[in-house]
Every structure is written in structure tokens, then in C-alpha cells.
Amino acid sequence: MNVCTDQLAMLLADEGQLLSVSSLAYDKRTSAMVEEAQGYIPNTGRAEEVFLLKPDLVIAGTYTARAAVTMLERLNIKVVTIAPASSLKEVRARILDVGAALGQTERAEALAAEFDAGLAALQPDPNARKPRAALYGANGYTVGSQTLSGEMLTAAGFINIATEMGLTHGGTLPLELLALAAPEVVITSQPYPGASRSEAVPRHPVVARMQAQAVSSKMNDGDWLCGTPFVLRAIKNLARHRERLDK
Amino acid sequence: MTRLMAFLAALTAALFLASLAIGPAAATLSQSLTALIWGDGTPLTLIMREIRLPRALLAVAIGASLGLAGAAMQGYLRNPLAEPGLIGVSSSAALGAVLSLQTGFAATFAMALPLSALSAALVGVLLVLTLAGSRGASMTLILAGIAISAMAGALTSLALNLSPNPYAAHEVVFWMMGSLADRSMLHVTLAVPIMALGWLMLASLGRGLDALTLGEDAAASMGINLKRLRLMLVLGTSCVVGAATAVAGAIGFVGLVVPHMLRPFVGGRPSRLLWASAVGGAAMVLAADIAVRLILPERDLKLGVVMALIGAPLFLHLIYKTRKELA
Amino acid sequence: MSPLLSLDNLTAKRGDCPVVDSVSLTIGQGECVGLIGPNGAGKTTLMRAALGLMPSTGRSSLTALTSAKRAHAAAWLPQAREIAWPVTVENVVALGRTPHLPRGAKLSAADQAAVSEALAQMDLDSFRSRLANQLSGGEQARVLIARALAQQTPLLMVDEPIAGLDPAHQISTMQAFQALTEQGKSTLVSLHDLGLAARHCTRILLMSKGCLVADGTPQEVLTPKLMHDVFGISVHFEHTSEGPVFQPLGLT
């Protein structure tokens, strides 16, 4: 019932073990496993809908529709809630958690080991120059280093300007201050369809100008959003980006 | 009169400079202006040219537009309660803007967004004039305004809620209250040409509005072409309110507060009030936008909230004064 | 000389009902014409239709003109006394100069003189800088008459100007209209005070149910028969050394 646990479950479950994933798993902007998700029944996270599927187990995120989750619990369906990963270390833990819930401990441990190895392999050259970068999202929200995205940025060999601003977890960074900080890279996210003024902030000409001056980068949100092994792919792309900066 | 205009112009100029000097990025006024004018290639130049200058320019243009529209509507309807925001013209324009953004029409060509807002504003103005009649009695005017605002507001919320964009639903407040935060030069070039067209139309109304002080029959017998006047008023108001709302949301009360404050200083004459309200409106919106940045710099306080805090009590006062007519 | 106003079969309808029914008349120079008739006889409608302020059929010499030319040919004072804003008396009266001013121009010396003259005629010199919308009803009426006078047109059409005025100002207003005749100008004034009409008008038009039933000198129109037929009143009309004296006596 949660796009992040959905992906972990898809990676770990036996064939036929997983019945349904959330509809967000079918959206490229939020999920890295759109194709894999095709074989499952999509759900929109309403209790009624999930109940009718008669599952033995529901895996939900901590913040997934609370009302629906408690309702399912009252209907005597076993629900495991899994908190979103807020660091690379927690990604590993979540893999094991979901594995345990699905009874796929071995497979989970193998995946975790693979993840560790992958992460180790991505260690940036300690002598490489560390460019300054900013993650800039809707409403001018920037992400600090003590978050999953922040750790990913650091792992890819960047310095997060949010740290300079004293934002360890994240917060709103006025455009003016972003311009003043003048990071080499501004990483923005893909806009959703329709339109919103919130998303107009990272598309302001100032940001566009800064992205034109340096190398621009758009986050592939599907890889970024969740604590899944796909974060490694995002880190790899980011690191390649960094290397291109100095060429 | 000339002294009033000189005062208002000086006030607006001072507020314009203040608006350029105030922002989260700390810099002195002289540093800011140097960066703005000579472009020293530092980030400050970018900030001044792409963030603060468009914001200040929009504040001036939108303030002038709303002041002018308020003064013109009041002159035509001979009612001090007529104001684009209160009578539903602004909310109609916001609906037009939201619809064109959410359907993707706004992306089809550059002027699509302001033109959509303009068309919706036009519908709003025509509805109000039809409902309230050409002699805008307070009761019908306010009732028509409530009905149109409620309808347009509901449809705006609906459009935003149906949007596939998860952020859009949270932006009802922006469209209802208005804000100048994070606007760019793009918005200036989008809105100002259409506003300027509206200014020309509204500015041509002075003589007719003066004559209308004595009623429609008297004005017509003094050679005023009422049909043309009405057409210019409707088109001009739609242009300025539509363009302003398309880029900054529905900012209310400017057209109520400013003409009310300035009327005694222009001897009550609608023609002079037009000009005074345009300049006064610019000063008012600049001041409100500065207040927004000073009071809660971190919280994106909406400009319309500040205007409503100033305007709503005055509106109540005006209703109190006209309640004999209302009863 | 061409007439200042000529109507030919002028008809104005409200729905299907003719409020003014085929009225033909001509007003020449130097006339002070009183328009009388019971409530609802169509006096106001006749004047508004003649000015082109409402749709009508038939012909009016004024509606044939452009609105700008018409404003030089005839001034109109509506019955509703409307002064929407706190404007000074002087500025209200100066509005009468609107047709004479090019767009955006300031009042010339001649305009100022016209305003001052109109203010003096209506005994408003001391009110010049008072706010017009704060004056009493009668005072406002005088301000608005002055506005129409300031337009300085050959023809002045006024709708019940003296209703609500004190006797002195009723007389002075009628005298002001009479004075215009000496300059070759004419006035068409609707009124209910038949005594004042008898004394000050050179000619009287009597309307009843949309039709013009009599047109002539006061002596010809204010006859006991016509007064009985149209108003249902008995009257006393006598020429004295002080001029004509007309007094309604009672209902018939």
C-alpha cells in the first residue's frame, strides 16, 4: 500500500506471493519499477478495496492512509508498517524488514549484501574536487544532509549547500539565498502534469540561469524517492555528473 | 491636486526603492542598485534583475491596475463599494487563469494565460453589470458579488482539486489571496502589455465618469456616449484585472481602500480620482508587499492577507455608512 | 430661423402601451413653454424621447443630431436629483460646460464666466465651495438647475425643476427661464404649479394620457373646460394689474 514498500516487496517476494501494489508504483515519477508492477493489481490505498483482495498480509508505510490501515487492522488483517528510510543505512534495514515480513529473510540478506557492495563500490575518490550542489524542490524546499537524498548527494561526492545554511534536515530556501549561495549544480525534480505554482519555484528563470551556467541535472524521482537499492543507480548517475563537471 | 500627485509619486518611488532593497539576501541599497544597474556579474545582479526588480515592477503595475479599476467601477456605478475583488471580477479572472493552467491551454502560446484570465474577468464584469444594473445599488451589487465570487471560487477549488498535480490542490489560497513572491521578468512581460492596454481604456473614461456624477440622463444629455463608456469600462477592467490576477492571484481591497482614501483629496471628482488611485494603488501594493516580507519573511505570507486586513474593516465601515441605502 | 425643437408624430411605448402618442409640436426661439398634465400623462417621457434618451418612433429634430451636437443644442435636467459624490457646488455647475470642453482641457475664462453667471442666477454665490451632496433637497435642485443653465444651450428642457423649492426660489427660477427668452433662447419646463405656469410661461402644452390635448397661450389652455376635462378641477383665472392670477379651487 506504499510505493516504497511496494518496490521492496516486488524485489523480494516469490512469484504469486504479492497480490497488489499501490497505483503510485505505476507512475514513473514515483516508482523505479513501473514495468515490474504490471503483473499486479493496482490499489489506491482505500481500506475497502484492499479488504476485498483478502490478503494475508498488508505492508504499509508509516504515513500511509492511517484511517485505512487501522480499519484493516480492525478487520483482523495483519498489517506491517514500515517507516520510510531516512538514510542509506536505513535502506539496508528496510530491505531486511520487508524480507522478514514476507518470510524471505535469505533473499533479503543477499539483496542487502549486494546493496552494501554496491555502495562501497561507489565511494568517491577522496582526492576528487567536491562541487557544491543544491537539491531544490517544489516551493523552494531544499533537503539537508541528514536525509536519504542528502546522503545520496554526499555519497556522490557533492557538498550540500543546505549544510552551509544550517539546514540539516531541510527547509524552505528563498530563491534569493539560493542565488547568493551560487551552487555549481542545482538538482530539481520532474514536474507533475497539470500545473502548480509550487513547482514554478524551481523553474524560476534564476534557477534556469544557474542550471545553464553549470551542468543541469534533473532528478529521476523514481530512483530518489524511496529507500530501495535503486538509490545506488541515482548515486551513480549523480557521480557521473560530477565527473563531467571537471572535464 | 498637483501637490497630491507629487506626494503620491514620491511615495511610490520611495517604496519602489525600498522594495528593491528588502529581501532575504542582505545587501545595502547602494550595493543592490549598483548590481541592478551595472550588472557586476555577481549573484546579487541575478537576484536584483530576476527576482526583486520583477517583483517591484509587478507591484507597481498591479497596484496601479487595481486602483484604476476600482476608481473606474465606482465612478460608473456611483457606488463606493464597487471593487473588482468584492464584486467577483478578480475571482472570475482567477478561475480563468487556473482553468487555462490546468488544461494546458496556458502553455499553447505566450499570452494564453493572461488572455484566459481576461476573458473570465470579462464574463464576471458583464454578470455584475447585468445583475446590479447601471446604477449600482449597494444591495444588488454586494449580493451579485457574493454570488459570483462564491461560484468562481468553488470552480477554482474544483479545478485545482481535480488537477493531476499534487501541489495544485494546496494553491487555492494563492489564487484567492494573491502573492507576488518568486515572480519573474517573464510574468512582467506577460502581464504588463495587457494591463497597459487596459490603463489606456480606463484613463479615457474621466470626462464621462465626471458627467455620470449627475446620473445617466444628465450625462447623456451632456454629450457623453454611454454605450462607448460602458464598453471601455468593461474591456478596460477586464484587461487590468485579468492580467493582474493571471500572474499574482486575486488581490482584493486595493480598489476599495485606495479610491476611498483619496476621494476627499481630489474633490470627489471621478476623473481626478482615476489618476490618483492608479498612483496610490501602486504605492499601496508596494507597501503591502514590503510588509509581507518584513512581518513573516520565512512563511510566504500572502499579499492578499495583508490587503484584506487593511481593507475588510474599511469595507465594514463603508457598509455602516451606506446602511440607510441598504435598508 | 429654424425651430429649436420640432417633433413629428413622436411616439414612445412602454411595452405595447404608448406613453407618448403621436405628438407633433415645434418650439421656436424666445419661448418659455410650460408642459403640464396629470401624473403619468407622459410629460417626462415626451422630453426624454425628444432627446433620444429612450427609443421612440416618429421624428425629433434633436435625435437626428449626434450626441455631441445635441449637447450643444439642448440641455436636459432630469427630475431625479442625483449628485453621487462629495463634489463642490462650483464643480457640479462646471460639469455643464462638459460639451464645450475639448477632451482634457481646463475651463477657459468664458467657461468660468458661464459658471459664475449660472451660480448667480440661482442665488448660489455663497454656496460655491460647499459640497453639493450635503445640501438640502431644494438647494441641490438649484445647483442642478444652475448646471443646466451653464450648458448655455439654445434650448433648455427641465423636468419639474421647482418641485421642493421655497416660493422665492420658485419664482426666481421661473424668472431665470423667462430671462433666457430675451436672449432668443427657449425653455421647455414641466411643472405642476399652474399658477406659476400662468404667470411665467409664454406658452403652455397640456398633455393627457400620452396625447397633446392643447397648445397655446396660458389664456387659451388654462380654461375651466380643459382644466375640468384633464385635471378634474375647477379654477379661477383672472388678469389683474399684477399680471395673470390662476388658482385651482376644488375638485369637480
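Two residues are in contact if their C-beta atoms, placed from the backbone, lie within 7 Å, and the legends below use the word in that sense for a model that is predicted.

**Figure 1. Chain A, with its helices, strands and contacts.** In chain A, residues 24 or more positions apart account for 59% of the contacts that have a separation of 6 or more. The secondary structure of this chain includes 12 helices and 10 strands. Its radius of gyration is 19 Å, close to the 18 Å that the globule rule gives for 247 residues, so chain A is as compact as a globular protein of that length. Taken along the principal axes, the C-alpha atoms of chain A fill a box of roughly 55 × 40 × 30 Å, and buried residues make up 45% of the 247 residues in the chain.

**Figure 2. Chain B, built with helices and zero strands.** Chain B has 15 helices and zero strands in its secondary structure. The globule rule gives 20 Å for 327 residues, and the radius of gyration of chain B, at 19 Å, is close to that value, so this chain is as compact as a globular protein of that length. Its C-alpha trace spans about 60 × 50 × 35 Å along the principal axes. Of the 327 residues in chain B, 60% are buried, and among the contacts between residues at least 6 apart in sequence, 79% join residues at least 24 apart.

**Figure 3. The place where chain B meets chain C.** Here 18 residues of chain B are in contact with 26 residues of chain C. On the side of chain B that touches chain C, helix H9 (206–212) and helix H10 (216–221) of chain B each supply at least two residues, and H10(B) gives the most, with four residues. Sorted by class, this side of chain B has six nonpolar, seven polar and five charged residues. Two pairs of chains touch, and the most contacts among them are between chains A and B, whereas chain A and chain C do not touch, their nearest C-alpha atoms being 42 Å apart.

**Figure 4. Helix H5 of chain C and what surrounds it.** Helix H5 of chain C covers residues 137–150, and at 1.5 Å a residue its 14 residues should span 20 Å, which agrees with the 20 Å between its end C-alpha atoms. Is this helix enclosed by the rest of the structure or left open, and why? Because 11 of the 14 residues of H5(C) are buried, the helix is largely enclosed by the rest of the structure. Among these buried residues are C:Glu139, C:Arg142 and C:Arg147, together with C:Val143, C:Leu144 and C:Ile145. The elements of chain C that cover the buried residues of H5(C) include strand S5 (74–77), helix H3 (89–94), helix H4 (109–121), strand S6 (155–159) and helix H6 (167–182). After H5(C) comes C:Gln152, whose phi is positive, near 50°.

**Figure 5. Strands S5 and S6 of chain C, side by side.** Both S5(C) and S6(C) are among the elements that cover the buried residues of H5(C). The two strands run parallel and are joined by four bridges, and C:Ala75 has C:Leu156 in S6(C) as its bridge partner. In a regular strand the side chains alternate between the two faces of the sheet. In S5(C), C:Ala74 and C:Trp76 point one way, while C:Ala75 and C:Leu77 point the other way, and all of them are buried.

Conventions:
Residues are numbered from 1 along each chain as its sequence is written. Chains are lettered from A and ligands numbered from 1 in the order in which they are written. This is a predicted model: local features need pLDDT of at least 70, side-chain atom pairs count only at pLDDT 80 or more; totals for chains, interfaces and linings use all residues. The expected span of a helix is 1.5 Å times one less than its number of residues. A residue is buried if 20 or more other C-beta atoms lie within 10 Å of its own, exposed if 12 or fewer, and partly exposed in between; C-beta atoms are placed from the backbone. Two strands pair if DSSP finds at least two bridges between them. Ala, Val, Leu, Ile, Met, Phe, Trp, Tyr, Cys and Pro count as nonpolar, Asp, Glu, Lys and Arg as charged, and the others, Gly among them, as polar. The radius of gyration is taken over C-alpha atoms; the globule rule is 2.2 Å times the number of residues to the power 0.38.
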